[in-house]
Amino acid sequence: MNQEKVIVIDFGGQYNQLVARRVRECNVYCEIYSYKTDIEQIKAMNTKGIILTGGPNSCYEADSPTYTSELFDLGIPVLGLCYGAQLMMHMLGGKVEKAPVREYGKTEVYVDKTSPLFDDVSETTICWMSHFDYISKVADGFRIVAHTADCPVAAAENGAKKLYAIQFHPEVLHTKEGSKMLYNFVRGICGCAGTWRMDSFVENSIKEIREKVGGGKVLCALSGGVDSSVAAVMLAKAIGGQLTCVFVDHGLLRKNEGDEVEEVFGPNGPYELNFIRVNAQERFYSKLAGVTEPERKRKIIGEEFIRVFEEEAKKIGAVDFLVQGTIYPDVVESGLGGESAVIKSHHNVGGLPDCVDFKEIIEPLRNLFKDEVRKAGLELGIPEKLVFRQPFPGPGLGIRIIGEVTAEKVRIVQDADAIYREEIAKTGLDKSIGQYFAALTNMRSVGVMGDERTYDYAVALRAVNTVDFMTAEAAEVPFEVLQRVMSRIINEVRGVNRVMYDLTSKPPGTIEFE
Ligand code: XMP
């Protein structure tokens, strides 16, 4: 991609993706690389700035992650954050040691406004601190430009060499003016013009796809989720009828979702493409009959999905390209770009390519974060309802029904979930809650309705706030909203006589139930 860019060198910090996202919010393209990346590769990138992330280690210990000090002599501005700041000082001759007072949480920082890092930042500002070690002495050529009550070097700079070190985390939202500081670095100090915009990204991608595909045939597996939908529309706009989308309805989608996907991509929708909907509901239900073990259920759904897709692909015959809705966090988490590889093996890549006869993969969203995918979707004119769809797991309602999956249970959970979503949307809470849905427990209990004894299922409502889906807190849905949802579910959904709210955070719970 011919874009001005800044790179993030990842030392294992939990916020590496957040740093890159914040930089992109300044309209500067940013990529993440492991600290193991060769300096020659970095030199060849023509990067305008380098950011070193935090990390869990102590830089003065023998086998801590490090880098060649040549990095600081390239003439490219470098900003070290937390561990990155300490490492910079340590390597350049300063002193880093265990802090007498460990700082954690929101902290008042006093900044020297003559530093270009703090242009337009308040003299006293709230920052997020999280460190055991501290910089007790800066390296030669550096001056201290911020401090706190307990931390003598909260930031330091060597203006002549364009090296900057910040002990706190400007990338997290708790640092009130953190975005401004990152903006000052990438747009001010690095001199980036700010050319990374979704409208031009979409336009360029469509052009590139056209050139790449030529007269070839392209196949896309459409799930109805945001990523594959945006990828499909981009392809449709680029190559129209050369694209075939296969949408497998496994019967584990949210209420009406299959029809909604068909409305957008089917023959009555706005795009010229070949749309194949496979109604495989019964096939999935019969495979899942009697199966209660969560991992087994996930495997069955995944395998069956591939099998159905394979059958369709065979009918279509050989294609030149296969589209995948891979996005940047998938790339980073798969260990292709960053250090966070081991944390999570993600669910979207793998499987499909083996069963399709194709020459090459096209991944038009490979460089985008989720919020950028959504912006690209809006640029492409995709309905907001689809663009702002909540995350939905590949195995669908199969993992929101505890125990055996049946058509009847799918109906219950679909109806309950639709009511829950409708009521949450009415209150406007849908804009602020990260993810929310109804699930069906495998618990039946005694109740009484209209003088009659009932023995029915309990529905569990879940709502979580999360930044990265790796940790989450239960959201505080107002009690009256929960009561309204409960009352509607019990009255409108046959087979349910109890509604519970799940208070569990992650960890120890996961967001989904299986
Ligand atoms: P958990 O349940 O692991 O969920 O806390 C974290 C996030 O990942 C989603 N999720 C999945 N997404 N395939 C997916 O594409 C899956 O198998 C899957 N399992 C969980 C979940 O909805 C939540 O956003």
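The model is predicted, so local features are taken only at pLDDT of at least 70 and side-chain atom pairs only at pLDDT 80 or more, while totals for chains, interfaces and linings use all residues. Numbering starts from 1 along each chain as its sequence is written, and side-chain values use heavy atoms, without hydrogens and water.

**Stop 1: Ile-50**

Select Ile-50, in strand β3 (residues 49-52). Helices here are DSSP runs of H or I with at least four residues, strands are runs of E with at least two, and numbering goes from the N terminus. Ile-50 has a relative accessible area of 0%, so it is buried. Buried means under 20% relative accessible area, exposed over 50%, and partly exposed in between (1.4 Å probe, protein chains only). Show the contacts of Ile-50 (heavy atoms within 4.5 Å). Leaving out residues up to four places away in sequence, they include Val-6, Ile-42, Leu-71, Val-78 and Phe-185.

**Stop 2: two positive phi values**

Most residues other than glycine have a negative phi, and most peptide bonds are trans. Select Asn-46, in the loop between α2 (39-43) and β3. Its phi is near 60 degrees. Asn-46 is exposed, at 66% relative accessibility. Then go to Cys-82, in the loop between β4 (78-81) and α3 (83-92). Cys-82 has a phi of about 55 degrees, yet it is buried, with a relative accessible area of 6%.

**Stop 3: Tyr-134**

Select Tyr-134 in strand β6 (residues 124-137). Tyr-134 is buried at 13% relative accessibility. Among the residues it touches are Gln-86, Lys-95, Pro-100, Pro-152 and Gln-167.

**Stop 4: helix α7**

Select residues 257-265, helix α7; its buried residues are Glu-257, Gly-258, Glu-260, Val-261, Val-264 and Phe-265. They share one side of α7, because they cover an arc of only 165 degrees around the axis. The arc is taken from the directions from the helix axis to the C-beta atoms. Their cover includes β10 (218-222), α6 (226-239) and β11 (243-249).

**Stop 5: α8 against α9**

Select α8 (residues 281-288) and α9 (residues 294-316). Their axes come within 10 Å and cross at roughly 145 degrees. Axes are lines fitted to C-alpha atoms, for helices over the stretch in contact, with angles from 0 to 180 degrees between N-to-C directions. On α8, the contact uses Arg-283, Phe-284, Lys-287 and Leu-288; on α9, residues including Ile-300, Glu-304 and Val-308.

**Stop 6: the cores**

A nonpolar core is a set of buried Ala, Val, Leu, Ile, Met, Phe, Trp, Tyr and Cys residues joined through side-chain atoms within 4.5 Å. The largest has 51 residues, and Leu-219, Tyr-420, Leu-461, Val-477 and Ile-489 have the most contacts inside it. Helix α13 (residues 407-427) gives the most to this core, with seven residues. Select Ile-489: among its contacts beyond four places in sequence are Ala-416, Val-459 and Val-499. Apart from this core lies another, of 43 residues, including Ile-209 and Val-373.

**Stop 7**

Finish with Pro-507, in the segment after β18 (496-501). The peptide bond from Lys-506 to Pro-507 is cis, with omega near -15 degrees. The bond joining Pro-507 and Pro-508 is also cis, with omega about 10 degrees.
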